[in-house]
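This report describes the helix packing of a single protein chain.

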Amino acid sequence: MSSDSKQNEVPTEVAKVDDAYLSALILCFSRVFPAVLNAAIDLNLFEIIAKGQRSRDSSISASEIASLFPNQHPELAQRLDRILPMLASFSLLDCSIRINEDGKRERVYVLSPVGQYFTCDSEGGSLAPLPTLIHRGYQDLWKDVKDAIVNPNCNEHFENVYGMSLYKYAETNTELNEMFYKAMAHVGALIHIGVLIGFS
């Protein structure tokens, strides 16, 4: 091994520290992904990508995805290209590089098997409403998790935060009630199909 190679070689201990640091750093930003996922669902992004794949029979770029949006603006493709790599990093999309006719390289995407669960299947099954319910419907629930652990009088964390049971709260909150039943209906369809396949 040359002296230059030895100088460029990263010691194993340093590499382990770097890996641990990066893993810890990712956890510091762990709340970003649920927000991005919820935004993608609100934008109907997974359905739009699925539609684009079917019409082109290939991977599609951020600009091609943007062209399928009902409301467009000049910055849309660039902004989409900020969240698409994150969705790919969580295996919701598969990403590859395409070289265009002008020689420029660009990222292109297809739905992964994981991402397909966030589109509606033929029976109406989808996981898409579930993150919306958890992220938006119960957002106050996640602020005081510590209290649920250290407070000896906190036997029901939901009631401690909202002052009533889940079902009573849903009755008083129309938006949450709609989100809850929509999530249960769509997720239930997936479970129903899984049960039928299991017994077939």
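Predicted model: local features only at pLDDT ≥ 70, side-chain atom pairs only at ≥ 80, totals over all residues.

H4 spans residues 45–56, a run of 12 residues. From its first C-alpha to its last it reaches 16 Å, close to the 16 Å expected at 1.5 Å a residue. Just after H4 comes Asp57, which takes a positive phi of about 55°.

## Overall organisation

The chain has 200 residues, of which buried residues make up 30%. Its secondary structure comprises 11 helices and three strands. Read from the N terminus, the order of elements is α-α-α-α-β-α-α-β-β-α-α-α-α-α.

Contacts between residues at least 6 apart in sequence give a view of how the chain is connected. Of these, 50% join residues at least 24 apart.

## H4 against H6

The axes of H4 and H6 cross at roughly 90° and come within 13 Å of each other. H4 is therefore roughly perpendicular to H6.

## H3 against H6

H6 also receives H3. The axes of H3 and H6 come within 10 Å and cross at roughly 110°, so the two helices are roughly perpendicular to each other. The crossing in which H3 passes H6 is left-handed.

Val32, Phe33, Val36 and Ala40 in H3 meet Ile83, Met86 and Leu87 in H6. This contact has seven nonpolar residues and neither polar nor charged ones.

## H3 against H7

Which helix packs with H3 at an angle of about 125°? The partner is helix H7 (residues 129–137), whose axis lies 9 Å from that of H3 (residues 32–42). This angle makes H3 oblique to H7. H3 passes H7 in a left-handed crossing.

From H3, the residues in this contact are Pro34, Ala35, Leu37, Asn38, Ile41 and Asp42. From H7, they are Pro131, Thr132, His135 and Arg136. The contact of H3 with H7 divides into five nonpolar, three polar and two charged residues.

Thr132 lies in helix H7. Is Thr132 buried or exposed? Thr132 counts as buried because its relative accessibility is 9%, and the cut-off for a buried residue is under 20%.

Leaving aside residues up to four places away in sequence, Thr132 touches Asn38, Ile41, Asp42, Gly137 and Met179. Among these neighbours, Asn38, Ile41 and Asp42 belong to the H3 side of the contact with H7.

How values were computed: Residues numbered from 1 in each chain as written. Heavy atoms only, no water. Axes fitted to C-alpha atoms, helices over the stretch in contact; angles between N-to-C directions. Helix = DSSP H or I, 4+ residues; strand = E, 2+ residues; numbered from the N terminus. Parallel < 35°, antiparallel > 145°, perpendicular 65-115°, else oblique. Left-handed = near helix turned anticlockwise from the far one by under 90°. Contact = heavy atoms within 4.5 Å. Nonpolar A, V, L, I, M, F, W, Y, C, P; charged D, E, K, R; others polar. Expected span 1.5 Å × (residues − 1). Buried < 20%, exposed > 50% of the residue type's maximum accessible area, 1.4 Å probe, protein only.
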